[in-house]
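Reader: I've got the model open and I'd like to know what stands behind the labels. Can you walk me through a few of them?

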Amino acid sequence: MHHAFTFLQLSLWITSISALALGVPGSRPEIRSPGDDGSSRGFVTFKLVKKATTSDKFRIPVTPRAPRSAGQGIGDGFVIHDRASGYQVVEAEKATFKNSVGIDQDGTDYSYFAEVELGSEGKQLFMLLDTGASTTWVMGSTCTSKSCLMHKTFGPDDSKTFNDTGKTYAVEYGTGSVRGHVVEDTLSLAGLSVRIPFGVANTTSDQFLQFPFDGILGLATSSDTWLTAVTNAKLVDSNLFGISLSRSSDGTNDGEIVFGAVNPDKYTGDITYSSVKSDSAWTIPMDDINVSGESAGVTGRSAYIDTGTSFVFGPPDDVKALYKLIPGSSSKDGSAYTVPCDTDKQVAFAFSGQSWKVSPKDFISGPNGDGVCTGNIYGMEYVPGGWLLGDVFLKNVYSVFDVDNGRIGFAAKAVPDTTEPSTTTTTVPTETPSATASTDSASASATSTGMPTGMPSGGLNGHETPSGTDSSTDEPSNTAEPDSTGDSAGARLCARCTIALLAPLLSMIAMVV
């Protein structure tokens, strides 16, 4: 009998030790399946669900861009300056049209942003121009995340008119997020200045380390954007804006955005309009996709037109039908496709009876180290039954986003007057990263990826889901959906702690008995 109690006691001690050891965070490596995270290869400014050829589902990756892959150089004559730690900023030509401003870019055609002025002192920050986002925010001066320390920030010391509303906000970006406080202050762009509420982030995910911009200017169709405030203040005649995006290989950054009107010098011919299908997103019906005049049979689809997305994404079956018309193309996973580097096939998207061609410069990614070229149209269904058309398409057209009339228009881009290199400047953050910089636990590693291996090494991929605001707490809410493929780490830890506490108690009872 004594031996039995001794055995019971030893067993309980072993159980206690095991429970505690397994419950200590970091005591064993974290095992992630490929579908757990998104990739560091895409950026999303509203949360959608990826539907690929496999059965796994995960949130759209949110990742600021990495450098352009080998073989994708910028135009001759461009002088690129590092902003900090490799950031590249190519300034646009000075815009002269009323209420317009040049659109800077990173020299890779991946991200397009403008310099805005914030607060009473007009502090200048870069903000991504994003038609796929409604939330406007910048990195805050109290933020200690690594990405904040590498960028310019904004806070109460930068403006006499800074007002913290006490509310919090959180925006989910798939593999990353931003959280912080809602403040009120002036935001000036293109000669238009209004006082609006916007987010000042005190936590940002590490993906933003890879990009030059310091925040996002939401230009979606919602009623609470900066442009709506400008319109309500009667600073412009119409609630619309026209966009022309530059192509780095063309040698001149002539990108421009104009508010309240369109710039006739930036396009030729007529503007063809399509009615928007949603009150919450810039989405229009797409007629078809053609490859050198041959229909791919992609009909009845919607297209989300998003300046915050670098590439083009569509349902895998649609994309397969497109590449089937390109001899020599192939895919290992149905998502990323290789194409002959010298193919003469040209892809075009049709809206309201008009087709718009995509230049091979944009459709074909330059050869990698093995001499293989990749198509910049990917088989990934980020929008159920829809296409996501980003900068790969938008560089080929002049785009008009008309809020008043609920429509998007496209026209042929005007040929620039010059191909002289654009002027560039170097901007350096006031802080440098330190060992104590915090890292958002929601962020994904820059090297981890749940995407197909053929996906691009950089790029934005945009659409946004705010997590909501809360005026009653200083801590931002986090309503990210739970991972349906696994249990809760917190629940596991609590269970082990319970076992660890009960084991010694039972052990003492056994000794007494």
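**Labels and their cut-offs**

Author: Let's start with a pair of strands: strand 16 (residues 288-291) and strand 21 (residues 347-351) run antiparallel and share four bridges. This is a predicted model, where local features need pLDDT of at least 70, side-chain atom pairs count only at pLDDT 80 or more, and totals for chains, interfaces and linings use all residues. Residues are numbered from 1 along each chain as its sequence is written, and side-chain values use heavy atoms, with hydrogens and water left out.

Reader: What makes strand 16 and strand 21 a pair?

Author: Two strands pair if DSSP finds at least two bridges between them, and these two have four. One of the contacts to look at is Val291, whose bridge partner in strand 21 is Val347. The strands themselves are DSSP runs of E, at least two residues long, numbered from the N terminus.

Reader: Why are strand 17 and strand 22 said to stand at the edges?

Author: The open sheet has four strands in the order 17-16-21-22, paired antiparallel. Strand 17 (294-295) and strand 22 (354-357) each have a single partner strand, so one side of each has no neighbour in the sheet.

Reader: Why is Thr309 called buried?

Author: Buried means under 20% relative accessible area, exposed over 50%, and partly exposed in between (1.4 Å probe, protein chains only). Thr309 has 0%, so buried it is. Thr309 sits in the loop between strand 18 (301-305) and strand 19 (312-314).

Reader: And how do you know that the side chain of Thr309 makes a polar contact with the side chain of Asp306?

Author: The distance is 3.0 Å. A polar contact is a pair of N or O atoms within 3.5 Å; within protein, one must be able to donate a hydrogen and the other to accept it, and residues adjacent in sequence count only if both atoms are side-chain atoms.

Reader: What makes the phi of Asn99 and of Ser352 worth a mention?

Author: Most residues other than glycine have a negative phi. Asn99 has a positive phi of about 55 degrees, and Ser352 one of about 50 degrees. Asn99 is in the loop between strand 2 (88-89) and strand 3 (100-102), while Ser352 is in the loop between strand 21 and strand 22.

Reader: Is Asn99 buried or exposed, and what about Ser352?

Author: Asn99 has 15% relative accessibility, so Asn99 counts as buried. Ser352, at 40%, is partly exposed.
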